[in-house]
Every structure is written in structure tokens, then in C-alpha cells.
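Dear colleague,

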Amino acid sequence: MASGQPVLPVYILDDETPGTWRTGDAARWWLHHSLTALSRDLDALGLPLVLRCGDSRQIISDLVSETGAAAVYWNRCYEPFARKRDETIKAALKRDGIAARSFNSALLHEPWTVENKAGEPFRVYSAFWRACLAKDGPEAPLPTPEALESTPAPAPQGDRLADWALLPTAPNWARSFEAAWTPGEAGARDRLTGFLDAAVNRYKAERDRPDIEATSRLSPHLHFGEIGPRQIWHATRADIAAHDLNEASAEKFLSEVGWREFAHHLLYHNDTLPDHPLRPEFADFPWHENGDALAAWQRGRTGFPIVDAGMRELWATGWMHNRVRMIVASFLVKDLLIPWQEGEAWFWDTLVDADLANNAASWQWVAGCGADAAPYFRIFNPVLQGEKFDPDGAYVRRWVPELAKMPASHIHKPWLAPDDVMRQAGVTLGETYPTPIVDHGTARDRALDAFSRIKKAA
């Protein structure tokens, strides 16, 4: 905009090149609607959005030739394959005398600017976040432009969004997503405003309660760049300064934005984060391959109500409450001893907010093999977690309706309910609802034994 030159907005879908992580199916649904909203917003500024699919290096070269462009600008991505791709593009453009500049829109601070006193990247979140808070605050975002000069007509030809076939059709398993989400910048802005107005003051006290609407649900908007962390930061800090917010609760919310920041920091400094454990001794962990148990977990049929509720919420909405993400992840890797990469892959395909850095760092955290990881011996008890964070069973009743009539005292452990309670609730274990696929106490001992073996080997 500042150059005064005509602008051609371009979006390139480049996720089939070898070495990339192909966008998951749930995220492809979001991408379709996000691009629809972006195109509409750009039309209001008098700009056509050009869509192309394929190798971005070739596509950008073609567009420069077609338009006579003097400069190419983009916002940085931090995935290892994206960094290599962008470095190649930037070098090729500069060789041809084309200005090439990339910018930070996705993070509060660039990963290479936050270091410990030894000049090394952080491996512990708390120290990382203190270092971030000690830095000058992130720059304030610029206002939305009222208009931009488009390239002279006719604009280069682009693809039809429908031809990318991002939406599921036969069957349309994402139909229920539409009631839960409004992809696009306007939806992101409304989500942030609504959260700051109605929920952030309760965030610190209630953020772990999946039965209460106390979180922002901004994660997919952040992933797709419909809102940036600097916008969230400055909007929240402005409301704190105006005394409209509970400062401790609002700062807790910002610290969770910091966890997202930390995940990107880890990925930037550890290219193998999505595939290999950061703690090398876990390469020899005695994982179990159990296709039936994995399928039961994926379908929300484990017999543990809080786990099943989370997995069904994920399937129905493309999202899962963060506390429940930790519970279902712990169950997979510690109760079932199934490799964390299997859970990571399932989340990648079913989350609308699937983000390579967050997904990999979070799964390694739960598995105990990552940076700042939860100790491996911290094994969530799904019954106690359900009773603590869904005390009345409202979350389970919503997503596991076959247990809707169970009293709160037994809804998280129906296998222990007396026969008369089961009859009144209309529940028959093994028929209307599964019996537990493992005994948690036995599974916990097995996981601790496996951990002790790799600990001795290390």
C-alpha cells in the first residue's frame, strides 16, 4: 500500500509439493469459507483475488511475467518446508531484479529474536514467556485500508475456488461445522469482541471447564491469518488499561497466546518436531500398535465418557476444548500406549485449527517427550478429570447423549453404577454404551513400567 503501486492479491494453495504437510480435511473446509470471505472483503476494496494451485515457486514466476510486477510481498510462514520454499522464492526473485519482502503477521515476536542469556532458544515455556514480556510490546496493527489501486484490467486468470474441491460432498460430514463457525475476518473480529465483552473476566477461573463457554475459540481464525496475535494483544491490553477487564484473568488469556508463540518458537528451532521426539530417549519407547483401540478412540467409543465426549465434539465441530484435548491425548499415549504421532495425525485431519507447531508441540508435551513436557508419570485419570472439570456432566450429556439420563454421581464412571441406576438411565453397557476398553489402573501401571525401562536405558 505504501508503495503507491497497483496491488494484485494472490492466494496459492501449495500443499502437495513433496515434504509439505497437506492441509487436513477439516481445515480445508475452513479454508474454502475463509477464501470466500477474503475474496468478498477484497472486492469491497476494488481488488480481485487471484487463486492458483500448484508449485508456488513456478506460479509466482508466472505471475511476475504476466503482470510485469516489480515487487512481491508476503507474510511469513514458519513451518520448515515453508521456510525453505520462501527462501528459494526470495532468492529467485532477487536474481531477476524483483523486490521480495516478507513480513511477520503471525507472531508477537520473531522466533530468532527471543533467546536466553546464552543466546540459545528456550526449551521451557515460563522462561520463554518472561523473556517475551520483557521485550518491547509488539507493534500495533495498521488500520484497514479504505481502498487500494488494483492492477490494470484484465487481471490474470485464476482458478475457481469450487474447482479445488475443498468441501466434503459424499457425504458432507462437515455440515454441522456451519452452525459452529463463521470463517473470515469479520467472524474473527466478532469472536474477539464477544470474548472480551462477555467471557475474558471468567477466563482464569473457568477456562478448564468444557461445560462452560469461557474460552475465545480464536484458534482457527489465528491459524488462517484472519486475525493476528498483535490485534488480540493490543485489544486486550487496551481493555485492561480502560479498567474494563479483570487484569489477572486477561493476562492469563494473553499467556495462553504465549503458549501458541512458544510452539512456533520450538518448531522454528527444531525442524523434526512434528515427526520425532525432542527427548531422544523416547525414540526407543515401547509403543503398542493397536488398530482396534485407535479406532475406538477416534470414534469416541472408548467407554470413558469424558474421552468419548471430546472425540465426538471434535468430529461434530472440528474443534475440542483444550482441557479435553489433554485428557484424550493422555488416554491415547498412556492408557493405550499408542504413539503420539497417531494422535497428532488424527488431530491434523479433523481440527479446523490444525496448526503444525501447536499440534506437534502439544502432543509431545502430553507424551512427555517434548520441550517443557509434562512428566511422563503425570497420567490423567479420565474419571477424576471428568468429575473435576465437568462436575454436573453437562459436557458429557451434550456429546454422549446415550448417557444423558445418568446422574452426575455416576456419569463419568457408568460401569460402577448400580443396576437400578443403569435401568432408570436406559443404559446397558456393551449395548447402548461401550464398556471401558482398558482398566485405567492397570494401564497406568503398564505405562509407568514402559517409562521406567527407557529411563534405565538412558
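The buried residues of helix 6 are Gly187, Ala188, Leu192, Phe195 and Leu196; buried means under 20% relative accessible area, exposed over 50%, and partly exposed in between (1.4 Å probe, protein chains only). Please note that this is a predicted model, in which local features need pLDDT of at least 70, side-chain atom pairs count only at pLDDT 80 or more, and totals for chains, interfaces and linings use all residues. Residues are numbered from 1 along each chain as its sequence is written, and side-chain values use heavy atoms, with hydrogens and water left out.

Seen down the axis of helix 6, its buried residues fall within an arc of 160° (taken from the directions from the helix axis to the C-beta atoms), so they line one face of the helix. Asp190, Asp197 and Ala198 are exposed residues on the face turned away from that buried side. The buried residues of helix 6 pack against helix 7 (200-206), helix 8 (219-223), helix 9 (229-241) and helix 10 (247-269). Helices are DSSP runs (H or I, at least four residues), numbered from the N terminus.

Histidine 32 lies in helix 1 (residues 25-44) and is buried, with a relative accessible area of 13%. Not counting residues up to four places away in sequence, histidine 32 touches Leu161, Leu166 and Leu167; contact means heavy atoms within 4.5 Å.

The structure holds zero disulfides, a disulfide being a pair of cysteine sulfur atoms within 2.5 Å. For cysteine 53, the nearest cysteine sulfur is that of cysteine 77, 16 Å away.

Yours sincerely

Key:
Helices (H or I, at least four residues) and strands (E, at least two) are DSSP runs, numbered from the N terminus.
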